[in-house]
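Here is a quick tour for anyone opening this structure for the first time. Have a look at it below, then read on.

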Amino acid sequence: MQMMEGKSVKGCVRRCFQWKTLRNRLPCLLWIPSYNLASFVSDFVAGLTVGMMIIPQGIAMSVMAGLPVQYGLYSAMGCGFVYCIFGTVKNVNIGPTTIMSLLTYEYASKGRDPSAAPDYVTLLSFLTGSIITILALLRLEILLDFVPHTVISAFVSAGAVTIATSQVKDLLGLKIKTSGFVNTWFEVFSNMKESNPWDVIMGLVCIALLILLKNLTRFGGEMGGVGKSGYAVRKTLWFLMVGRNALVVIIAASTAYACSTRDHQPFTIVGDVESGLPGFALPPFSTTDGEEKKGFWDMISDFGMGLWIVPLVATLDAVAIAKAFAHGKIMQGGQEMLALGLVNILGGFLSSMPTASSFSRSAVNRACDIRSPFGSVVASQFSLRYLASHSGLVVILALTVLTPSFYYIPRTSLSAVMISAVVFMVEYEEVINMWKTSRRYRFSSFPY
């Protein structure tokens, strides 16, 4: 019996180190041998471009999740390192997303003491990653096929409306505390007279600019014409469209800085942002929420259904985006789940909130002709001491050098970024299709 057990263990270890097994579990072994200078240049451009997007998005999503603004950047910092090794689709970018920010606020931040919210969020990231990793190792990705598309569509649309509602008070410069859809709108209308006109004007201008820049490429062909000059115009318009979030936030921060005096600041600004990188430490398995001490099981109980909803939504999001960018190739759903799970486990050690795949940043990677999951190789702090993927070093640079410049970012500009991002996520077409296929619609269309 002992001999049989020894043989089985030895055989299992041997299979784990077979080339086929390593190739499936470490996809980086497939592209590293053929990596060359041309791939380096393409990945450098893609990483720099995505990094320009992810910094303002990360800051805005931190605010939406009810966290200090640096936590969105923490969430973006380590993702690329892990996905570079375990990811299978070169275009995919993992980091803070709108849906994850919404779920983070709903299940980890809402109603918490400000000092306890980061502990809840970090633990949720670790547990989310652990659950997804276990499901991947058990090869249970097939269960995702049983989740109806209409359920996901309804969740995304409802989340988009909820996010836009939660940002209205900051867009108007209102200093009120709200919770829930109905309560938020009631408080907004009740306190409309206390709105900051400077914030209102800047917020509306930012939304208008974001929508305008989003549609710039539609006019690229007409404005650019043909030839080298036309190509240059189209590329310039595309670059402005891709970097519109960063551009608008920079303009808004510059305006706030120019309008500020020693004794007066007309806009509601972000204020001091903690600089430096997060420490590498175990996730917090206990915390103090207000005056109440919470142990591990108390925190899990507080998460409620969020402990299962967050991993489910993150996994569905990751697999769907990976399929969309696989370009017809066979997509390993289990491996994508494993990569996502390990990213969130690492996030639990880096003070990160739960992360998922980003469709917009993945689309930019594809448009930049990214060559591998390595993403980008860029310098940090004016040296080549670090290597990262998917704009990780751009985020590190922001955390270590650029945080003082975040002080003057108006909150209304971040709200404008979030509102303009989610307003197009409402899938009203799905409601029309559901109505047309409903029994009442079919019966009401009969001639009698």
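What follows is a short walk through some of the features of this structure, which is a predicted model.

## What the record says

Let's start with the annotation. An unreviewed UniProt entry places the feature "transmembrane region" at residues 37-59, 120-138, 150-168, 198-216, 237-258, 305-326, 338-356 and 387-409.

How do two of those spans look in the model? Residues 120-138 are 95% helix and 0% strand, and the C-alpha atoms at the ends of that span lie 27 Å apart. For residues 198-216, the figures are 89% helix and 0% strand, with 27 Å between the end C-alpha atoms.

## Rings and a charge

Time for the aromatic side chains. Searching the whole structure turns up 8 aromatic pairs. One of them joins Phe296 and Trp297 edge-to-face, with 5.2 Å from centre to centre and 70° between the planes.

Elsewhere, a charge meets a ring: the charged end of Arg112 sits over the ring of Tyr120, 4.2 Å from the ring's centre.

## The second largest pocket

Now for some open space. The second largest pocket holds about 1000 Å³. It is lined by 36 residues, and those closest to its centre are Val63, Gly66, Leu67, Tyr105 and Lys169.

Sorted by class, the lining of the second largest pocket has 14 nonpolar, 13 polar and 9 charged residues.

## Helix H7

Is H7 largely enclosed or largely open? H7 is largely enclosed by the rest of the structure, because 9 of its 12 residues are buried. The buried ones are Thr98, Ile99, Met100, Ser101, Leu102, Leu103, Thr104, Ala108 and Ser109. After H7 comes Gly111, which has a positive phi, near 80°.

The structure holds 1 cavity of 30 Å³ or more, and the largest cavity contains about 60 Å³ of space. Its lining is made up of Tyr74, Ser75, Gly78, Cys79, Val343, Leu346, Gly347, Leu350, Ser352 and Thr355.

Helix H5 (70-77) and helix H17 (333-349) are the elements that give two or more residues to the lining of this cavity. H17 gives the most, with 3 residues. By class, the cavity lining has 5 nonpolar and 5 polar residues, and no charged ones.

Ala320 lies in helix H16 (residues 306-324) and is partly exposed, with a relative accessible area of 46%. Ala320 and Ser357 are 37 residues apart along the chain, and their C-alpha atoms are separated by 9.1 Å.

Gln332 is in the loop between H16 and H17. Like Ala320, Gln332 is partly exposed, in this case with a relative accessible area of 36%. The C-alpha atoms of Gln332 and Ala322 are separated by 8.9 Å, and the two residues are 10 apart along the chain.

Ser351 comes in the loop between H17 and strand E4 (356-358). Most residues other than glycine have a negative phi. As for accessibility, Ser351 counts as partly exposed, at 22%. Buried would need a value under 20%.

How values were computed. Residues numbered from 1 in each chain as written. Heavy atoms only, no water. Phe/Tyr/Trp six-rings, centres within 6.5 Å; stacked < 30°, edge-to-face > 60°. Lys NZ or Arg CZ within 6 Å of the ring centre and 35° of its normal. UniProt positions renumbered as here; feature names shortened; annotations may be inferred. Helix = DSSP H or I, 4+ residues; strand = E, 2+ residues; numbered from the N terminus. 1 Å grid on protein atoms, 1.4 Å probe; cavity = no way out; pocket = protein on both sides within 12 Å on 5 of 7 lines; lining within 4 Å. Points joined across faces, edges and corners; volume = space filled by probe spheres on them. Nonpolar A, V, L, I, M, F, W, Y, C, P; charged D, E, K, R; others polar. Buried < 20%, exposed > 50% of the residue type's maximum accessible area, 1.4 Å probe, protein only.
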